[in-house]
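Dear colleague,

Please find below the structure that I am handing over to you. I would be grateful if you could read the notes that accompany it.

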Amino acid sequence: DLKHAKPTYHGDTIYAESRVVDKVESKSKQDRGVVTVETKGFNQHGDEVCSYTRKVMVWKKEGAPPRRRPYGDDIWD
């Protein structure tokens with residue numbers, strides 16, 4: 001579900017904010033859930049230029065595999 005509220009132009013800066021609006025257990029995978037996320041995009045003037053809603057299957061916290069990075073874990077030291 002994608003809506004374009006206003007046009008965007010070359011050189012615009014687009015900011016986005018997302019929020020979770022729903023979550024349900026996956027029917028096919030017990031270690032995951034389906035999250036519905038709503039995202040709004042704003043230009044540099046604060047005008048809403050687009051919005052969309054999507055569903056994403058995600059790991060449950062206890063079922064997620066360990067995080068693996070293609071670089072070291074000490075990047076903030």
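The notes that follow cover the sheet, its hairpins, the salt bridges, and some individual residues.

This is a predicted model, in which local features need pLDDT of at least 70 and side-chain atom pairs count only at pLDDT 80 or more, while totals for chains, interfaces and linings use all residues. Residues are numbered from 1 along each chain as its sequence is written, and side-chain values use heavy atoms, with hydrogens and water left out.

**The sheet**

Four strands form an open sheet in the order S1-S4-S3-S2, and their pairing is antiparallel. Strands here are DSSP runs (E, at least two residues), numbered from the N terminus, and two strands pair if DSSP finds at least two bridges between them. Strand S1 (2-4) and strand S2 (15-25) each have a single partner strand and stand at the edges, so one side of each has no neighbour in the sheet. From one strand to the next, the twist averages 20° (axes are lines fitted to C-alpha atoms, and angles run from 0 to 180 degrees between N-to-C directions). In general, strands of a sheet pair through backbone hydrogen bonds, either parallel or antiparallel.

The pairings may be taken in turn. S1 and S4 run antiparallel and are joined by 3 bridges; Leu2 stands opposite Tyr52 in S4. Between S3 and S4, also antiparallel, there are 11 bridges. Glu38 has Thr53 in S4 as its bridge partner, and Val34 stands opposite Met57 in S4. S2 pairs in the antiparallel sense with strand S3 (residues 32-42) over 10 bridges. Here Val24 has Val34 in S3 as its bridge partner, and the partner of Glu17 in S3 is Lys40.

**The hairpins**

S2 is joined to S3 by a hairpin through 6 residues. The hairpin of S3 and S4 has 5 residues between the strands, and Gly46 takes a positive phi near 85° there. Asn43 is also found in the loop between S3 and S4. With a relative accessibility of 8%, Asn43 counts as buried (buried means under 20% relative accessible area, exposed over 50%, and partly exposed in between, with a 1.4 Å probe and protein chains only). A polar atom of the Asn43 side chain lies 2.9 Å from the backbone nitrogen of His45.

**The salt bridges**

The structure holds 5 salt bridges, each defined as a side-chain nitrogen of Lys or Arg within 4 Å of a carboxyl oxygen of Asp or Glu. Side chains of opposite charge can pair when their charged atoms come close.

- Glu25 forms a salt bridge with Lys60, and their closest N and O atoms are 2.3 Å apart. This pair links distant parts of the chain, with Glu25 in strand S2 and Lys60 in the segment after strand S4 (48-59), 35 residues apart. Glu25 is exposed, at a relative accessible area of 56%.
- Arg32 and Asp31 meet through their side chains in a salt bridge of 3.3 Å, N to O. Both count as partly exposed, Arg32 at 21% relative accessibility and Asp31 at 29%.
- Glu48 and Lys40 likewise meet in a salt bridge, at 3.8 Å from N to O. Glu48 is partly exposed at 29% relative accessibility, as is Lys40 at 32%. Lys40 is also the bridge partner of Glu17 in the sheet.

**A surface patch and a buried valine**

Tyr71, Ile75 and Trp76 make a nonpolar surface patch of about 420 Å². Patches are made of residues with over 30% relative accessible area and no salt bridge, where like charges are joined within 9 Å and nonpolar side chains (Val, Leu, Ile, Met, Phe, Trp, Tyr) within 5 Å; accessible areas come from the Shrake-Rupley method with a 1.4 Å probe, and for residues only the protein chains shown count as cover. Tyr71 lies in the segment after S4 and counts as partly exposed, at 45% relative accessibility.

What is the relative accessible area of Val49? Val49, found in strand S4, is buried with a value of 3%. Val49 and His10 are 39 residues apart in sequence, and their C-alpha atoms are 14 Å apart in space.

With kind regards

Terms used. A polar contact is a pair of N or O atoms within 3.5 Å; within protein, one must be able to donate a hydrogen and the other to accept it, and residues adjacent in sequence count only if both atoms are side-chain atoms.
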